[in-house]
Amino acid sequence: MRTLDSGRTALVLVDLMDRIVSLPLAPRPGADALTVSLELAALFQAAGAPVVALRVERPNVAEQPPGSALVGEVAAVADAVLVKRTIGGFHGTGLHELLRARGVDTLVFGGIATNLGVESTARAAADHGYELVFVEDAMTALTEAEHRSAVDLDLPRFGEVVERGAVRFG
């Protein structure tokens, strides 16, 4: 993997909410993907690169389900928290405008679920012209088959799939 430019790269963490992290997930528990995502956030903070956290809210309901807040540690490290009401993180959230205002052209992804929120956000990001990096061990899904399909077949069409240890700034 190439070395990242901290002035042009953002970390995007998708749906690391208490109720989602605690689901039975595969190929790794949500807590493991969360741990790696927080390691990435610390790396980005140290480099002066932004960390953006997305969380989903169900539209047209009076009250969100219990556990719908971001995991506390994620909220604490995020430079921006955006609420999405669709699977992907671009529609109606201001994410593109936020990233462009900061001069970001490269996105590094972690979160849950690999094949849903992460992939949907990544597809829109590709449509907007961002370069994409997916940190495989910072993601997980409802089933291992869904995760593997995303990281082996879909996400490589949009960007580079790497492990946490490959992510570094120049």
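Let's start with Phe44. Setting aside neighbours within four places in sequence, Phe44 is in contact with Leu4, Thr9, Ala10, Leu11, Ala49, Pro50, Val51, Val108, Val167 and Phe169. Keep in mind that this is a predicted model.

Now zoom out to the core. The largest nonpolar core has 32 residues. Which of them touch the most other members? They are Leu11, Phe44, Val74 and Val135. Several elements give two or more residues to this core, including strand 1 (9-14), helix 3 (72-77) and strand 5 (131-140). Helix 2 gives the largest share, five residues.

Next, a residue in helix 2: Ser37. Is Ser37 buried or exposed? Ser37 counts as buried because its relative accessible area is 0%, and the cut-off for buried is under 20%. What does Ser37 touch, not counting residues up to four places away in sequence? Ser37 touches Leu11, Leu13, Leu16, Gly110, Gly111 and Ala138. Look at Ala138 again. Its backbone oxygen lies 3.4 Å from a polar atom of the Ser37 side chain.

Last stop, the largest pocket. The space in it is about 280 Å³. Its lining has 16 residues, and Asp15, Arg19, Ile20, Val56 and Leu116 are the closest to its centre. Which elements give two or more residues to this lining? Helix 1 (18-21) and helix 5 (114-127) do. By class, the lining of the largest pocket has nine nonpolar, five charged and two polar residues.

How values were computed: Residues are numbered from 1 along each chain as its sequence is written. This is a predicted model: local features need pLDDT of at least 70, side-chain atom pairs count only at pLDDT 80 or more; totals for chains, interfaces and linings use all residues. Side-chain values use heavy atoms; hydrogens and water are left out. On a 1 Å grid over the protein atoms alone, a cavity is a set of points where a 1.4 Å probe fits but cannot get out, and a pocket is an open set with protein on both sides within 12 Å along at least five of seven lines; lining residues have an atom within 4 Å of a point. Grid points are joined across faces, edges and corners, and a volume is the space filled by probe spheres set on the points. Helices (H or I, at least four residues) and strands (E, at least two) are DSSP runs, numbered from the N terminus. Ala, Val, Leu, Ile, Met, Phe, Trp, Tyr, Cys and Pro count as nonpolar, Asp, Glu, Lys and Arg as charged, and the others, Gly among them, as polar. A nonpolar core is a set of buried Ala, Val, Leu, Ile, Met, Phe, Trp, Tyr and Cys residues joined through side-chain atoms within 4.5 Å. Buried means under 20% relative accessible area, exposed over 50%, partly exposed in between (1.4 Å probe, protein chains only). Contact means heavy atoms within 4.5 Å. A polar contact is a pair of N or O atoms within 3.5 Å; within protein, one must be able to donate a hydrogen and the other to accept it, and residues adjacent in sequence count only if both atoms are side-chain atoms.
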